[in-house]
Amino acid sequence: ELVTLYAALMGLGSDLSEADLVRMVPALAADSLGQMMLRIEVEGRLRAANDAVLRFLRAHPVAGLWGRGLFASADMMSLEATRYLWAARLDPRRRVYAVGTYAHVLDQWGILYDQPIVLNRRQPGPAIDGALRQQQVDRLQRVAVDTHGFTHVGMALAKMVGFDLCPHLAHLKRRKLYLPRGLEVPQVLRPCVAETVSRRAIGRGWEEFLRLAASVKGGWYPATEALDRFGSAAAGDPVYEAGDDLGKLLRTLYLCDFFSNPVFRIEILDLLNQGEAVHSLQRAIHNGMITAKHGRTMEELGTISGALSLLANIVMAWN
């Protein structure tokens with residue numbers, strides 16, 4: 001039974017089919033292997049298994065030399081899939097249909113949290129949800145993301161729920177600073193200032209934005225749905241205007257630290273490099289296509305994502 005379980009995890013987390021696994025392990029039967037895959041999908045124990053492996057990894061004294069366990073990076077990796085899956089979208093980089101798995105990687109290595117997402121959508125919602133739902137760290141202080149994991153409202157919401165969203169933005173040379181309206185700007189800084197921010201707009205929507213943040217932090221309202229609701233299409237809504245203006249001020253403070261503090265900048269880049277290294281490991285484990293037999297629902301995609309994260313965590317813990 002354990003061999004069947006291990007083979008089923010390998011089948012879910014890699015590109016190996018049931019027939020491939022039966023040829024690798026002659027003692028297995030294809031029917032029992034398929035039933036075990038369905039059982040893993042139904043029971044949903046992969047999150048607890050990932051947490052157990054990560055606890056084992058972090059228990060080694062050498063893990064304390066890799067990081068403090070307070071920072072993480074969050075990024076999406078695309079998994080090639082058949083175009084007939086409802087969640088499959090065309091990956092603009094690889095030019096193939098794919099689904100996404102969004103992973104939070106701790107600075108001490110190991111995947112804190114994973115979730116399936118749809119490609120070509122902004123990712124600050126999954127970044128906030130993963131940081132709040134993970135069970136390994138009492139409170140993450142920083143989560144490093146790329147440009148896709150950042151919006152002004154998302155940065156403000158992350159600050160309100162208790163951590164800093166630290167984006168490595170594209171086209172940094174063209175990024176401008178935002179200052180409160182009425183503040184005197186020195187002549188030397190005027191080329192760097194894009195426009196001013198209305199403090200009155202922040203005050204008008206502050207109470208509702210605070211209520212939104214409390215709902216997200218308490219688990220009543222997922223951050224993904226909150227940021228879909230108050231995305232750029234909600235321009236003019238007091239909650240959106242408050243979050244957008246507050247996020248612009250926070251981004252200005254963040255860029256000042258990013259450019260002026262080399263230690264801080266190196267920490268953010270190291271976190272993102274760790275995430276990319278883990279993605280390379282995951283791509284080596286899952287190097288094929290998700291077929292139409294699997295991944296037809298978000299629950300099945302979540303099982304594939306969780307099994308892939310479990311295999312990656314096991315490899316890192318073993319090494």
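The legends below describe close-up views of a predicted model. Residues are numbered from 1 along each chain as its sequence is written, and side-chain values use heavy atoms, without hydrogens and water. Local features need pLDDT of at least 70 and side-chain atom pairs pLDDT 80 or more, whereas totals for chains, interfaces and linings use all residues.

**View A. The largest nonpolar core, with 70 residues.** Such a core joins buried (under 20% relative accessible area, 1.4 Å probe, protein chains only) Ala, Val, Leu, Ile, Met, Phe, Trp, Tyr and Cys residues through side-chain atoms within 4.5 Å. Ile128 and Leu157 have the most contacts inside this core. Helix 11 (residues 238–260) contributes the most, seven residues; helices are DSSP runs of H or I with at least four residues, and strands are E runs of at least two, numbered from the N terminus.

**View B. Surroundings of Ile128.** Beyond its neighbours within four places in sequence, Ile128 is in contact (heavy atoms within 4.5 Å) with residues including Gly154, Leu157, Val161, Phe163 and Leu227.

**View C. Packing of helix 7 (residues 152–161) and helix 9 (residues 206–217).** The angle is about 65° and the axes are 9 Å apart. Helix 7 is therefore roughly perpendicular to helix 9 (65 to 115 degrees). Among the residues that meet are Leu157 and Met160 of helix 7 and Phe209 and Leu210 of helix 9.

**View D. Arg95 and its positive phi.** Arg95, which is not a glycine, has a phi of about 60°. Arg95 lies in the loop between strand 2 (89–90) and strand 3 (97–106). At 56% relative accessibility, Arg95 counts as exposed (over 50%).

Definitions and conventions:
Axes are lines fitted to C-alpha atoms, for helices over the stretch in contact, and angles run from 0 to 180 degrees between N-to-C directions. Angles under 35 degrees count as roughly parallel, over 145 as roughly antiparallel, 65 to 115 as roughly perpendicular and the rest as oblique.
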